[in-house]
Amino acid sequence: MLLRNCRFIVTQNEKREILENKDILIENGKILEIGNNLSKKDEVVDCSDKIIIPGLINSHTHAAMNLLRGVSDDKNLQEWLNEDIWPREAKINGELCYQGTLLATAEMLLTGTTCFNDMYFHTGDVARAAEKSGMKCFLGQVMHDFFDEDKTDDEVKNAEKEITKIVDLKNERIKPAITPHSVETCSDELLIKSKELANKYNLLLHMHLSETEKEVNDCLKNRGKRPLILLDNLGLIKNKFIGAHGIHFNEEEINLLNKNNSFIIYNPCSNAKLASGICPARELNYLCIGTDSVASNNNLNLFEEMKFGVLLQRVKYNDVGAMSTQRIFDSATIEGARALGIEKETGSIEIGKKADLVLIDKNNIFLNPNHNIISNLVYSFNGTVSDVMINGNFSVRNKEIVNFDLGELIEKVENFRELF
Ligand SMILES: [Zn+2]
């Protein structure tokens, strides 16, 4: 396939080049060449009025919770979970998980996201939805034993079973991850076993970390250590560790993260909504971005997340230099890819990488006048992309979902409302 005469290509390569009026030649799902007057292949797409950006990466989601949009908007994390979320989640079976995740993939695709890093239940069903959507993802079965040692082994066994389901799909777009919930809900024993499982299969270890002050205080009181120090002592933050939220860190913890090249996933909207605090992103060397679930956000639009994220940093530090516009865009593209260990395959538009591309109408009202593309994308664009391609296949074409009937799905999900 040839994307001909792309008006702008926001490459996100090493030099952060923005190319003009170039063709992108795609073969076998990969970018074969970027240049002028490239040879015509079977399919040619005129991109003379398009801006092409790398597919965005949402590094922290609970996709199936799209079923719970708007059920609880005015409580802090603990009350929100205990009173409004956990009782409803108990009703989400495998089929509901499938439908909820499919709905989430539609929302992500229609706002330019091509890859997500998810933790939830019924992971085999989440994987089926991801497979149908065409998206890339990392999927983990949430583990928590609530310090009940009778539950620990079952949690691990169940997670391992779900990993097998994902592996059995033999779909290279869908990768398993290990996802203990947090230090608030996982015993030392479960955390150690999570680490062993991650090592056994060489997988990403993704968990919530230092989201609230309460989490830090409980951990200090009950275990004598702050959450990150506990995880370090148990050996979790070596290798492929990625922590979601990462708000309440002291200097020692920040140094530890930076020394270990550990990524923190910044979730500005969710953190603000639940009044959890603001991630000290300026002090962290390795940062990617996520939306968290629709129940705490209340959408999965990374363009909105980027804008709010960069502004919130400036408020936190009362300093316009607290975060650059380019850094927040990086966090949703190449740095997201790095955080998930897939930077050789995606996160930028470069020869040899997979064709994970988002096409945006250059004439979109929010993108004109075009003094600065990155500025417009971060601060002004509302996320209504025109086309999305993953591994060279369109998942969105002319603002429509390609792989399933979204209208039908919305109707189905609307009928689930009475369950919750
Ligand atoms: Zn979360």
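A residue is taken as buried if 20 or more other C-beta atoms lie within 10 Å of its own C-beta atom, as exposed if 12 or fewer do, and as partly exposed in between. In the predicted model described here, Asn-202 has 9 C-beta neighbours inside 10 Å and therefore counts as exposed. This residue occupies the loop between helix H5 (188–201) and strand S10 (205–209), and its phi is positive, about 55°, although Asn-202 is not a glycine. Phe-147, also not a glycine, has a positive phi of about 65°. Phe-147 is placed in the loop between strand S8 (136–143) and helix H4 (149–169); with 15 other C-beta atoms within 10 Å, it is partly exposed.

The domain assignment divides the protein chain into domain 1 (2–54 + 348–401) and domain 2 (56–340). The C-alpha centres of the two domains are 29 Å apart, and 22 residues of domain 1 are in contact with 24 residues of domain 2. On the side of domain 1 that touches domain 2, the elements contributing two or more residues are helix H13 (373–380), strand S15 (387–390) and strand S16 (393–397). H13 provides the largest share of this side, 5 residues. By class, the side of domain 1 that touches domain 2 comprises 12 nonpolar, 8 polar and 2 charged residues.

The largest nonpolar core contains 119 residues, and those with the most contacts inside it are Ile-24, Ile-52, Ala-64, Val-126, Leu-139 and Met-306. Helix H2 (residues 94–110) gives the most to this core, with 9 residues. Because domain 1 and domain 2 both give residues to the core, it lies between them. In soluble globular proteins, nonpolar side chains tend to be buried together. Beyond residues up to four places away in sequence, Met-306 touches Ile-289, Ile-328, Phe-329, Ala-332 and Val-378.

Met-306 is one of the buried residues of helix H10, which also include Leu-302, Phe-303, Glu-305, Lys-307 and Gln-313. H10 (residues 302–317) has 16 residues and spans 22 Å from its first C-alpha to its last, close to the 22 Å expected at 1.5 Å a residue. Just after H10, Asn-318 adopts a positive phi of about 50°. In helix H1 (residues 77–89), by contrast, the 13 residues place the end C-alpha atoms only 15 Å apart, short of the 18 Å that a straight helix would reach. H1 has a kink of about 30° at Glu-83, shortly before the proline Pro-87. The buried residues in H1 are Leu-77, Trp-80, Ile-85 and Glu-89.

Two cis peptide bonds can be described in loops. One runs from Asn-297 to Asn-298, with omega near 10°; Asn-298 lies in the loop between strand S13 (287–289) and H10. Another joins Asn-368 and Pro-369, with omega about -5°, and Pro-369 is found in the loop between strand S14 (357–361) and H13.

The loop between H13 and S15 holds Ser-386. This serine has 20 other C-beta atoms within 10 Å and is therefore buried. Leaving aside residues up to four places away in sequence, Ser-386 touches Leu-359, Ile-360, Asp-361, Asn-398 and Lys-399. The C-alpha atoms of Ser-386 and Thr-291 are separated by 21 Å, the two residues being 95 residues apart along the chain.

Terms used
Residues numbered from 1 in each chain as written. Predicted model: local features only at pLDDT ≥ 70, side-chain atom pairs only at ≥ 80, totals over all residues. Helix = DSSP H or I, 4+ residues; strand = E, 2+ residues; numbered from the N terminus. Expected span 1.5 Å × (residues − 1). Bend = angle between axes of the 7 residues up to and from the residue. Core = buried A, V, L, I, M, F, W, Y, C linked by C-beta atoms within 7 Å. Domains from an automatic or database assignment. Contact = placed C-beta atoms within 7 Å. Nonpolar A, V, L, I, M, F, W, Y, C, P; charged D, E, K, R; others polar.
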